Amino acid sequence: MSNLGNLPPNILSKLSRDSNVIIESSKDFGKIVLEKFPDGVYFPTSVNDIIDLVKFSYDLSVPFHIAARGHGHSIRGQAMAQNGLIVEMNSLNNNNENCGIRVYSDSNLGFYADVGGEQLWIDVLNATIERDLAPVSWTDYLYLTVGGTLSNAGISGQTFQYGPQISNVLEMDVITGKGELVTCSKDMNSELFFAVLGGLGQFGIIIRARIVLQKAPKRVKWVRMLYDDFSKFTKDQEHLISIDGLDYVEGSLMLEQSSINNWRSSFFSPSNQTKIESLLSQNEIMYCLEMVKYYDDHISNTIDEELKKLVKGLKYLPGFIFNKDTTFVEFLDRVRSGELELQSKGLWDVPHPWLNLFVPKSNIMDFNVAVFKDIILKQKKPTGSILVYPTCRKRWDDRMSIVIPEEETFYIVGFLHSSSGYDECKILDNQNEEILKYCDNIGPNIKQYLPYYKIKEDWIKHFGKKWNIFQERKNQFDPKKILSPGQQIFN
C-alpha cells in the first residue's frame, strides 16, 4: 500500500482491500469521475474507530488522506480518496451504542433530535414523525446523509422561510483532522462549528448533529402555476417569499424537449399533461411556480380560502393553476417514486453532470436570456430538471463556510441533468462550461453551490473575502490536509 504506514491491528481488522469493495466505494451519483481508487475501505463500528484512524494518519510523518463517505451522492468525486482510505460512515449504523436518532424536548431548546452524521434524512423523518415532530428544513431528495448535506448547506423550497439545513443545527460532535473529538456550537468551540457547516468536509467528520424540530403538520396543499413571462414568474416568486403563509416555494423551467412530469415528482394528470404540451408547442419555454402550505385537521375547513388569498393577484396564465392535496410525508418524499421508476428502467445509475448556482436577484433577468434561452433552449438537448427559485440571505449565517451572493435576495438555479451515456455527458458538460463562462464574464457575484474546481486559484476566487479565514481554519483543524481530498482544494 502506498503511504498508509504499518497499520495497527485494530485498524486493519476493519479495513477491506477487496477490489470489488474498493470499486464500489469509488462510485458516486455523478458517475463522471472514475478510477480514483483508494488503497482501502474502512468500516468503523464505533466513533472511536474513526478517531483511531485519523489519529494514526495524523501522527505519521507523511499522513494518508481520508474521505468520509455517506450515501455517495456527490457529483464529481468529492467523497473519493485516491491512494488514501474511504470511511464508510453507514457502517456505524450497525452499532446501537452510536448516536442513531434520538428525539428530545427541552424547556430552553424546544424540540430537537440528536442524529448521527451517517443517518439518512428519510430515517430522520420517519423517526421524528412518530412523535408528531419533524425538522424544518429539507432537501428535495431525502436519501442523503445528515453529515453530507450539512457539509454543503442542504437546500430546498423551505429555505426562504427556515434557512438551509445548516441554519438549523444547534450543536455537533466533530472529529477534526487531528483526530480530536470536539463538541461545538455557536457558544462552544464556535470557530469549528461555523467552519464545518458548509465546509465541504475540510475541517472535520460530523459524528452527531443536534437538529431543530417543530410540530409536524399532517397534510399539505401543493400548487403549481404556469407562466410564459419570466418577469411575472420571478416577481410572483419574490412576492410569495416576502409574505407570511407559505412553507415552500420553488420554480422550474418547462421545455418542449423535456418531460413535463419528471423524476422529481409526478404531479400532472394525463389530461393536464396534454393541455400543457399544447401550450408548450406554442411557447417552447415556460416557467412553473410551485408552492406548498402545510395544514392540520383544525384548519381543513379554511385552508382553501387561505390559498385563494395567497394566489390572489398572481400573474400566472389563466386556467393553468393545478393543485394536489397530500400527506406531509408523501410530499417530502416525493422524489423517491421517480427514483424507483428510473432504477427499474436502468436510468438512475447514469452520469449526472449537474451544475448548481446561486444567482443574485439583480442578475436573474439577464441570466434568463443568456442561459435559459440562448444556451439551453437553442441547443435543444433533452435535459433533466432545471430549477430556479429565490431565497433570502437573512436566513443564512455569514460566519459559516458556505459562500453566497451579497444581495438580500438571490436565486437557487439547478441544472439537474442526466445523460444516457458518456458521449451525451460530455455534451452536457460542455454546456455547463458555456454557462460558467458566462457567469465568469459578468463578475464574481454568481457562486457555485456544491462547487467543483480543478485549481487552487479558482477556489480562492470562489471563496473571495472568505478565503483567508477558510485557509486559517484548515490550518487550525486539519493542518496536515488529511480530510476530504476529493474536493481538490488543498491537495
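These legends accompany close-up views of aromatic rings in a predicted model.

**View 1. Tyr-141 and Trp-348 form a tilted pair.** A pair of aromatic rings is described by the distance of the centres and the angle of the planes. In the model as a whole, the count comes to 35 aromatic pairs. For Tyr-141 and Trp-348, the ring centres are 6.0 Å apart and the planes meet at 45°, so this pair is called tilted. Tyr-141 belongs to the loop between strand E7 (133-135) and helix H5 (146-150), while Trp-348 belongs to the loop between helix H12 (335-344) and strand E15 (355-360).

**View 2. Phe-230 and Phe-372 meet edge-to-face.** Here the ring centres of Phe-230 and Phe-372 lie 6.1 Å apart with planes at 70°, so the pair counts as edge-to-face. Phe-230 sits in helix H8 (residues 230-242) and Phe-372 in helix H13 (residues 364-379), so their contact ties together parts 142 residues apart in sequence. Phe-230 is buried at 5% relative accessibility, and Phe-372 is buried at 0%.

**View 3. Ring pairs join into a cluster.** Look for Phe-230 and Phe-372 again: they belong to a cluster linked by ring pairs, together with Tyr-227, Phe-233, Tyr-287, Phe-367, Phe-415 and Tyr-438.

**View 4. Arg-336 has its charged end over a ring.** That ring is the one of Tyr-143, and its centre is 4.0 Å from the charged end of Arg-336.

**View 5. Arg-334 lies over the face of Phe-331.** The distance from Arg-334 to the ring centre of Phe-331 is 4.3 Å.

Conventions:
Residues numbered from 1 in each chain as written. Predicted model: local features only at pLDDT ≥ 70, side-chain atom pairs only at ≥ 80, totals over all residues. Heavy atoms only, no water. Phe/Tyr/Trp six-rings, centres within 6.5 Å; stacked < 30°, edge-to-face > 60°. Helix = DSSP H or I, 4+ residues; strand = E, 2+ residues; numbered from the N terminus. Buried < 20%, exposed > 50% of the residue type's maximum accessible area, 1.4 Å probe, protein only. Lys NZ or Arg CZ within 6 Å of the ring centre and 35° of its normal.
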